[in-house]
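I opened the two-chain file and went through it one element at a time. These are my entries, in the order in which I made them.

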Amino acid sequence: MTGRILDIRGRKVSILEEGHGKPLIYLHGFADVHGVSGELLPFHRQLAANRRLIAPAHPGVNGSDELRDGWSINDITFHYLEVLDALGIERFDVIGHCAGGWIAAELAVRHPERIGKLALIGACGLFVSGQPTADIFMHAQPERGVDYATLRRMLFSSPDSAPALRWFPDGRGDLDEETRRYQMLRFGSFVGFKPPYFYDRALVDRLGRARMPALVIWGEQDGFTPIAHGEAFAAGLPNARPLQIIAGAGHAAHIESGESVAKLCQSFFG
Amino acid sequence: MPGPVQLYCWHFLSYPHLAPDFDETQYSGWVTVPNSLWDREKSRGLYQQYIDQLAYADEIGFDGMVLNEHHQTIYGLGPSPNLVAAALTQKTKNGKIIILGNLLPLHMNPLRVAEEYAMLDNMSDGRLIAGFAPGSGPETFNYNVASAPSREQFWEAVDLIRRAWTESGPFNYEGKHYPLRYVNPWPQPTQRPHPPIWIPGARSKDTLVQIAKHGYCYFLSSRSHGKETAKSVQQFAKVLSDHGDSYRPNRMGILMSCYVGETDRQAQEESKEGVWYFLKNCLKGHQRREGRQLTYGPGVPYIPSDEFRDFLKFSDPTVPLLGDTQDWDDLQRSQSIIVGSPDTVYQRFMDILEHAQVGHLLIQFHLGNMQDELSRKSMRLFATEVAPRLREASAKLFARNFPHDAAAGRLETAK
């Protein structure tokens, strides 16, 4: 794994890279690389077995600078176009989890000609009436000042699962990890709060533009993005495979069931 | 010579009709507290009672009355403090009317605040103190105010309002958040150059810098008043001197709660119901570990991440908050809610003034579900038996410690 800093007109973007081959852009979520972990996790390394995996950290997160002006999803999408320009990448495959999946879908509806294949894991971004994403901000405020059980349940299948306890422990955690989580919540607050529930109301109607092959993966127990969002993505993306549900996994299915999700992705991306 | 400490009566307008089992049965007093608990019949006349208490404070010689803005909470029934302030302009004659403050990021257009405050300044004949606050965690949830950009929005809104009051209109405001082609509010405030501006703050250096730069008054929004307050004063003094200014008591205020009775024992007996109601019910969700406090933390990320990192380094999430207070001795140690005879209360306030040298004490008298007569009696004892001594002793104290206070004329003494 190598880490580097891209400079976009004085704005720093922190990037982790691993592997060789055709570029696969990885856009992260909360319980994920950059969102909690400073390094790639086993899932990402497995994806990099036969691809060049490129995982930028969102603005303000894990070494990337915050944006100076404009934080709408449109601005974030432009930000990633600039990141791709700086990397010199014209065509790519993209995979995104959670808020990263939202950004991947926005890229796909704007520039379908640049994207070979699209994969989404527990992605937000859609407005699905009666099925809002859960309130991650309220649950990031610990109970009794120290207890993150409800946040863990939102992001994982169980508040007591090993990865849940590893990345969102009760009490005061490791300072770097706490800061990274805070930065990811701050990014979420910038991009996912206007409107406040991590959606772009117009996106669902635009999905028809994204005609590339698409794979939509959802944890059966997703406590953040309801599974109805996965069904809406799979129904709206013209060339999506049937929705893949990971039994027993939560929102961060790629962390909890890393190996099987990675296998699905590898056979999809080739 | 600097003048005496200014003593204001703060009213939170709390909801007083909760059932005794509220704490056992309800998760929070904030944001999600079910409004089916609102009792329409018992609540008749409640606002009138609170407005009358504030008018009484004016009558008995307090330097002013303080209101603030809260939403969807039993803690404070003042989603629009400007309405209560408008009533006070008609019912009072002397004291300052302090709104601390309108929560600017909740307003689609801060010009509306510039207009309403200017109306209040005219309606009160120049008695308004204009507080502005950015809101904190609960507003994130109540009004869908995105935390992360809210500070930047806030300072832009303050800038827009100050310019709307001081520059001739119409002018074009090239704001990032509030661009406005025609800034030209009618009326203009009565006070020149503008009503005093107060800004609450606690942890952010950036807030102090802005306050120092523009000559605003710093209201320390903290509930612990031991060494911490003195530390905050020193921090503010340092920022002021970095900006070519010097600290004076009239640049800073703090919030206290108080109950004065004839004797220590009587004060404790009379106040304890209201005090515990305030601590256990009103602070649940705000200044209490039990449940989920929504005011500050990772879910409401309104400060930059380096400031949050510093906060993590120097804080302990298991340290009790004011609402976690277990018993009466614990409470007295907190130095936040001061209960006792006039002598005791005088002594304890003087201790704080000697340590902290702050020129504005904003004092909450009505606590939780406190009865009207008790609130008024406590205010009266304070005004007659504590305030005169505090004024005299603080004037001497400040004269001794700030002998070269060039701003003597600026600090308005009581009538």
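**Entry 1: helix 2 and helix 13 of chain B**

I began with helix 2 (residues 46-59) of chain B and helix 13 (residues 372-401) of chain B, which pack at an angle of about 15° with their axes 10 Å apart. Helices here are DSSP runs of H or I with at least four residues, strands are E runs of at least two, and both are numbered from the N terminus. Axes are lines fitted to C-alpha atoms, for helices over the stretch in contact, and angles run from 0 to 180 degrees between N-to-C directions. Helix 2 and helix 13 of chain B are therefore roughly parallel to each other; the classes are roughly parallel under 35 degrees, roughly antiparallel over 145, roughly perpendicular from 65 to 115, and oblique for the rest.

I then listed who meets whom: B:Gln49, B:Gln53, B:Tyr56 and B:Ala57 of helix 2 of chain B meet B:Asp372, B:Ser375, B:Arg376 and B:Met379 of helix 13 of chain B. A contact means C-beta atoms, placed from the backbone, within 7 Å. By class, this contact of helix 2 with helix 13 of chain B has 3 nonpolar, 3 polar and 2 charged residues. Nonpolar covers Ala, Val, Leu, Ile, Met, Phe, Trp, Tyr, Cys and Pro, charged covers Asp, Glu, Lys and Arg, and polar covers the others, Gly among them.

A note on the file: this is a predicted model, in which local features need pLDDT of at least 70 and side-chain atom pairs count only at pLDDT 80 or more, while totals for chains, interfaces and linings use all residues. Residues are numbered from 1 along each chain as its sequence is written, and chains are lettered from A and ligands numbered from 1 in the order in which they are written.

I looked up helix 7 (residues 205-214) and helix 8 (residues 227-242) of chain B, whose axes come within 9 Å and cross at roughly 50°. That makes helix 7 of chain B oblique to helix 8 of chain B. The crossing of helix 7 with helix 8 of chain B is right-handed. B:Leu208, B:Val209 and B:Ala212 make the contact from helix 7 of chain B, and B:Gln235, B:Phe236, B:Val239 and B:Leu240 from helix 8 of chain B.

**Entry 2: strand 4 of chain B**

Is strand 4 of chain B buried or exposed? I found 6 of the 6 residues of strand 4 (residues 128-133) of chain B buried, so it is largely enclosed by the rest of the structure. Buried means 20 or more other C-beta atoms within 10 Å of a residue's own, exposed 12 or fewer, and partly exposed in between, with C-beta atoms placed from the backbone. B:Leu128, B:Ala130 and B:Phe132 point one way from strand 4 of chain B, and B:Ile129, B:Gly131 and B:Ala133 the other way. Strand 3 (residues 96-103) of chain B runs parallel to strand 4 of chain B, joined by 5 bridges; strands pair if DSSP finds at least two bridges between them. B:Asn102 has B:Phe132 in strand 4 of chain B as its bridge partner.

I checked B:Arg162, which lies in helix 6 (residues 147-166) of chain B. B:Arg162 is partly exposed, with 18 other C-beta atoms within 10 Å. Not counting residues up to four places away in sequence, B:Arg162 touches B:His194 and B:Ile197.

B:Thr263 lies in the loop between strand 9 (252-260) and helix 9 (264-282) of chain B. B:Thr263 is partly exposed, with 13 other C-beta atoms within 10 Å.

**Entry 3: the sheet of chain A**

I traced an open, mixed sheet of 8 strands in chain A, in the order 1-2-4-3-5-6-7-8. Strand 1 (2-8) and strand 8 (244-246) of chain A stand at the edges with a single partner strand each, so one side of each has no neighbour in the sheet. The twist averages 25° from one strand to the next.

How values were computed:
A crossing is left-handed if the near helix is turned anticlockwise from the far one by less than a right angle, and right-handed if clockwise. Two residues are in contact if their C-beta atoms, placed from the backbone, lie within 7 Å.
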